[in-house]
Amino acid sequence: MRLVFAGTPDFAVPSLRVAAARGEVVAVYTQPDRPAGRGRGLAASPVKQEAMRLGLPVRQPASLRGADAREALRALQPELLVVVAYGLLLPSRILDIPTFGCWNVHASLLPRWRGAAPIQRAIEAGDAETGVCLMQMEKGLDTGPVLLSLATPIGERETGGQLHARLAELGAQVLGDGLALLRAGMRPAPRPQPEDGVTYAHKLDKAEARLDWTQPAELLARKVRAFDPWPVAEADVAGERLRIHGAIALPLAHSATPGTLLFAGRDGIDVACGEGALRIRALQRAGGKVITAADYLNARRELRDAAASPPAGAR
């Protein structure tokens, strides 16, 4: 099969490898190089780097809206366009060019979590499971019929980064299954998405990473997991702004004002929330590296002295 692959971040790399193994990838589309790092030099996307390693031709248009972009794609005579976290809008005229249309690998069990950040929103919401879908693309945002899907439970302590890595591999697996069926003449049957259960995974905003201590500890613990490795939860703890890299919720009854330090010791730093308490286990000071709560308290012994005894029910 003549395939065109469109993707940009590292999530798409396993799928690119599968596409290259299952068909003839005649072009890889990815977003233009962007400034990155302290020097702000132009950096190639993970998909571009992998395409170059595989010896595949790379194209980086700023948009696919114009007639020139359409004709360039048409000239490739693609049988299928595979899209995985590309990041650019595909107009309907683009979707109509490949013989079998366009397939998208999406990191949720549609129709739940359509949109930009399905992995993080699933963790934040406390979903018990998530998965990946191979979807036939249409004009709407993640509204197309589902061809194949794979479900997976979300681990109790799993972070956004860990789930991201697992779903990237599952996405490649479901794409490989779909391509194998198509090559065998058994095109996967499209299943329209149900109208019930539609939710939207809005794009992550760095501002929402600031923890609000008036919220329940369970929600804050999920935010810490969901926002790791980006944008990373942060909060004011005992007068210092910290980035929170690891925390658990304690079902603790208390009458303390949200944000109050309840306990500081080897097991962590407990902060009062609207409901329960959040035990911080790994954190980062401004300009520092990620350290354990115990190491942090070695530098702030006054906190250990001020809250040396864990409140009843904290263990």
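**View A. Strand β7 (residues 102-106) and strand β9 (residues 129-136) run antiparallel and are joined by four bridges.** The model is predicted: local features need pLDDT of at least 70 and side-chain atom pairs count only at pLDDT 80 or more, while totals for chains, interfaces and linings use all residues. Residues are numbered from 1 along each chain as its sequence is written, and side-chain values use heavy atoms, with hydrogens and water left out. Helices (H or I, at least four residues) and strands (E, at least two) are DSSP runs numbered from the N terminus. Trp103 stands opposite Gln136 in β9. Strands β7 and β9 belong to an open sheet of seven strands with mixed pairing, ordered β5-β2-β1-β6-β7-β9-β10. At its edges are β5 (58-59) and β10 (146-153), each of which pairs on one side only. Two strands count as paired if DSSP finds at least two bridges between them. Strands of a sheet pair through backbone hydrogen bonds, either parallel or antiparallel.

**View B. Phe5, Val28, Trp103 and Leu167 touch the most other members of the largest nonpolar core, which has 40 residues.** Helix α6 supplies the largest share of this core, eight residues. A second, separate core holds 24 residues, including Leu211, Ala235, Ile291 and Leu303. A nonpolar core is a set of buried Ala, Val, Leu, Ile, Met, Phe, Trp, Tyr and Cys residues joined through side-chain atoms within 4.5 Å. Buried means under 20% relative accessible area, exposed over 50%, and partly exposed in between (1.4 Å probe, protein chains only). Not counting residues up to four places away in sequence, Phe5 touches Ala12, Ser15, Leu16, Ala19, Val25, Ala27, Val28, Tyr29, Val47, Leu81, Val82 and Val84. Contact here means heavy atoms within 4.5 Å. In soluble globular proteins, nonpolar side chains tend to be buried together.

**View C. Helix α7 (residues 217-226) is mostly covered, with eight of its ten residues buried.** The buried residues are Ala217, Leu219, Leu220, Ala221, Lys223, Val224, Arg225 and Ala226. Their cover includes the helices α5 (118-125) and α6 (160-183) and the strands β12, β13 (240-250) and β16 (277-284). Lys223 lies in α7 and counts as buried because its relative accessible area is 9%. Leaving aside neighbours within four places in sequence, Lys223 is in contact with Glu124, Leu211 and Gln215.

**View D. Arg121, Glu124, Glu208 and Lys223 are linked in a network of salt bridges.** A salt bridge is a side-chain nitrogen of Lys or Arg within 4 Å of a carboxyl oxygen of Asp or Glu; the structure holds 18 of them. In the bridge between Arg121 and Glu208 the closest N and O atoms are 2.9 Å apart. This pair links distant parts of the chain, 87 residues apart: Arg121 is in helix α5, and Glu208 is in the loop between β11 (200-201) and α7. Arg121 is buried at 9% relative accessibility, whereas Glu208 is partly exposed at 23%. Glu124 and Lys223 form another salt bridge, with closest N and O atoms 2.9 Å apart. Glu124 lies in α5 and Lys223 in α7, so the pair ties together parts 99 residues apart in sequence. Glu124, at 13% relative accessibility, is buried.

**View E. A salt bridge joins Arg285 and Glu240, with closest N and O atoms 2.8 Å apart.** Arg285 is in the loop between β16 and β17 (290-292) and Glu240 is in strand β13, so the pair ties together parts 45 residues apart in sequence. Arg285 is partly exposed, with a relative accessible area of 30%. Glu240 is buried, with a relative accessible area of 17%.

**View F. Glu234 sits in strand β12 (residues 233-237).** The side chain of Glu234 makes a polar contact of 3.2 Å with the side chain of Arg241. A polar contact is a pair of N or O atoms within 3.5 Å; within protein, one must be able to donate a hydrogen and the other to accept it, and residues adjacent in sequence count only if both atoms are side-chain atoms. With neighbours within four places in sequence left aside, Glu234 is in contact with Ala209, Arg210, Leu211, Arg241, Leu242, Arg243 and Ile244.
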